[in-house]
Amino acid sequence: MNNVALPFESFGVSHKGCVRELNEDSYLVEPETGLWVVADGMGGHDAGEVASASIVDHLATIGIASSAPDLRARFEDRLSRANAEIRRISASRGVTIGSTVAALLAMDGRFACLWAGDSRVYLIRNGSISQISKDHTEVQELLDKGMISAAEALAWPRRNVITHAVGVSDEIVIDFQQGEIMPGDIFVLSTDGLTAHVTDAEIEAAAVSATPQAACENLLQMVLARGGTDNVTIVLVKIGNGRNEAYPDPPRAEG
């Protein structure tokens, strides 16, 4: 099985939200190469945009890999180059800039999700949504140690402080999960501008009830209607199964 045999349907949207002046998020939708990415830049006026764009620009040069391991190697090579470029820009400006990254790689019937920071990857499978990525944040570390409850985490004053990002140090700390692709799988990649306003259940409901484009647009409108306090980026990838079982067929005309 190769990428040609796996029917991907995907779409992405990005918006500055209702509060921020600039959109410092970037994203990449490359079904031909089996790569989808979201990145959330940080570092003050326009610097975050530079960092997230550097990640996307470098990853866009991956090209067609010969195998799933080759795709993973190309991804890590390009991310390393982006990290070095962001470090150079940081040094020249005398400020620390960086970006989260969350990526989906898919090839030969396998997937790998890789991330740094608090941008997320979800998998919807058999009618159930699960968060594949695990936030690199101070609040997640406190949760893991049992020092605060899930309810306390929602209102924790430093809940948005991330512990890993691309560009903030010479070595990249990146986590990954991998597995087998199943027909009907839906992957959702997003920056925290989505999850600040929309629940996992709402993400699942939107994703399974519409095409990737419509689902992305519906989720974006939901965020904006609820105040859109941050930039928001959503990428949705649906794995086909030969039938449009995930969302209803249009009504047929009578007669």
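Contact means heavy atoms within 4.5 Å. Helices are DSSP runs of H or I with at least four residues, strands are runs of E with at least two, and both are numbered from the N terminus. This is a predicted model, in which local features need pLDDT of at least 70 and side-chain atom pairs count only at pLDDT 80 or more, while totals for chains, interfaces and linings use all residues. Residues are numbered from 1 along each chain as its sequence is written, and side-chain values use heavy atoms, with hydrogens and water left out.

- In α6, Ile203, Glu204, Ala206 and Ala207 are buried. Buried means under 20% relative accessible area, exposed means over 50%, and partly exposed lies in between (1.4 Å probe, protein chains only).
- The cover over these buried residues of α6 includes the strands β7 (120-125), β8 (128-131), β10 (186-190) and β11 (232-239). It also includes the helices α5 (192-195) and α7.
- Helix α6 spans residues 200-208 and helix α7 spans residues 212-225. Their axes come within 8 Å and cross at roughly 145°. Axes are lines fitted to C-alpha atoms, for helices over the stretch in contact, and angles run from 0 to 180 degrees between N-to-C directions.
- The crossing of α6 and α7 is right-handed. A crossing is right-handed if the near helix is turned clockwise from the far one by less than a right angle, and left-handed if anticlockwise.
- From α6, Glu202, Ile203, Ala206 and Ala207 take part in the contact. From α7, the partners are Ala215, Leu219 and Met222.
- By class, this contact of α6 with α7 has six nonpolar, no polar and one charged residues. Ala, Val, Leu, Ile, Met, Phe, Trp, Tyr, Cys and Pro count as nonpolar, Asp, Glu, Lys and Arg as charged, and the others, Gly among them, as polar.

**Nonpolar cores**

- A nonpolar core is a set of buried Ala, Val, Leu, Ile, Met, Phe, Trp, Tyr and Cys residues joined through side-chain atoms within 4.5 Å.
- The largest nonpolar core has 26 residues. Leu35, Val37, Ile55, Leu59, Phe75, Val101 and Leu105 touch the most other members.
- Two or more residues of this core come from each of β3 (35-42), α1 (47-59), α2 (68-93), β5 (101-107) and β6 (110-116). Helix α2 gives the most, with six residues.
- Val101 is in contact with residues including Val37, Ile55, Leu79, Leu114, Val166 and Ile174, leaving aside neighbours within four places in sequence.

**Aromatic pairs**

- The structure holds two aromatic pairs. Rings of Phe, Tyr and Trp (its six-membered ring) pair if their centres lie within 6.5 Å; planes under 30 degrees apart count as stacked, over 60 as edge-to-face and the rest as tilted.
- One of the pairs joins Phe8 and Trp36 edge-to-face, at 5.0 Å centre to centre with 65° between the planes.
- Phe8 lies in strand β1 (residues 8-15) and Trp36 in strand β3, so this pair ties together parts 28 residues apart in sequence.
- Phe8 counts as buried at 17% relative accessibility. Trp36 is buried too, with a relative accessible area of 0%.

**Residues of helix α2**

- Arg78 is in helix α2. Arg78 counts as buried at 12% relative accessibility. Beyond residues up to four places away in sequence, Arg78 touches His58, Leu59, Thr61 and Ile62.
- Asn83 also lies in helix α2. Asn83 is buried, at 3% relative accessibility. With neighbours within four places left aside, Asn83 is in contact with Val166, Gly167, Val168, Ser169, Asp170 and Ile172.

**Loops**

- Val19 sits in the loop between β1 and β2 (25-30). Val19 counts as exposed, at 54% relative accessibility. Not counting residues up to four places away in sequence, Val19 touches Gly227, Gly228 and Thr229.
- Most residues other than glycine have a negative phi.
- Asp108 has a positive phi, near 55°. Asp108 is in the loop between β5 and β6 and counts as partly exposed at 32% relative accessibility.
- Asn126 has a positive phi of about 55°. Asn126 lies in the loop between β7 and β8 and counts as exposed at 80% relative accessibility.
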